[in-house]
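The sequence and the structure are shown first.

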Amino acid sequence: MNPKDSIKSGVAGIAEKNTGENPKLLQEVSKLVKSWPGGVSGLMKQFQDKGMSQAASSVSLPGSKLSFSPEQVAQVFGSEKIAALASSTGLDRKVVPEKVASILPKVVEQLSPISAMAGVP
């Protein structure tokens, strides 16, 4: 299985585990994280640069229980990305940060290089 197939199957696995989540939002957040300058590492650096080093470090560890708050997500993603996610998913802009905060740790864990290497001998 090539790395792209591994990521796609991982994202599908996240969707299955998060039956209460909007699958379109999950897909859009995954695409956003993958396209973020620097990918997962770049996103985590953005959180660190905004003073959220502890949360960024903990979330990027597999099996982490720590999550981001909706306020932190809104601060890092910014109003344009939040509006784009709301538009592409049909969700109210006001609930997007909360929904993203609930799935972002799982997306980061799944897309991080550490997780991608977990199945490699």
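Within helix α2, about how many helical turns separate Glu 28 and Lys 31? The two are three residues apart in that helix, which means a separation of about one helical turn.

The model is a predicted one, in which local features need pLDDT of at least 70 and side-chain atom pairs count only at pLDDT 80 or more, while totals for chains, interfaces and linings use all residues. Residues are numbered from 1 along each chain as its sequence is written, and side-chain values use heavy atoms, with hydrogens and water left out.

**Salt bridges**

A salt bridge is taken here as a side-chain nitrogen of Lys or Arg within 4 Å of a carboxyl oxygen of Asp or Glu. By this rule the model has three salt bridges. Side chains of opposite charge can pair when their charged atoms come close.

| Salt bridge | N to O distance |
|---|---|
| Lys 24 and Glu 28 | 3.0 Å |
| Glu 28 and Lys 31 | 3.2 Å |
| Asp 49 and Lys 45 | 3.1 Å |

Helix α2 spans residues 23–35 and includes Glu 28; helices are DSSP runs (H or I, at least four residues), numbered from the N terminus. Lys 24, Glu 28 and Lys 31 are linked in a network of salt bridges. Lys 24 lies about one helical turn from Glu 28, because the two are four residues apart in helix α2.

Glu 28 is buried at 12%, whereas Lys 24 is partly exposed at 34% and Lys 31 is partly exposed at 41%.

The side chains of Glu 28 and Lys 31 are also joined by a polar contact of 3.2 Å. Such a contact is a pair of N or O atoms within 3.5 Å; within protein, one must be able to donate a hydrogen and the other to accept it, and residues adjacent in sequence count only if both atoms are side-chain atoms. Apart from neighbours within four places in sequence, Glu 28 is in contact (heavy atoms within 4.5 Å) with Leu 85, Ser 88 and Thr 89.

**The pair in helix α3**

Asp 49 and Lys 45 both belong to helix α3 (residues 39–49), where they are four residues apart, about one turn of the helix. Asp 49 counts as exposed at 53% relative accessibility, and Lys 45 counts as partly exposed at 46%.

Terms used. Buried means under 20% relative accessible area, exposed over 50%, partly exposed in between (1.4 Å probe, protein chains only).
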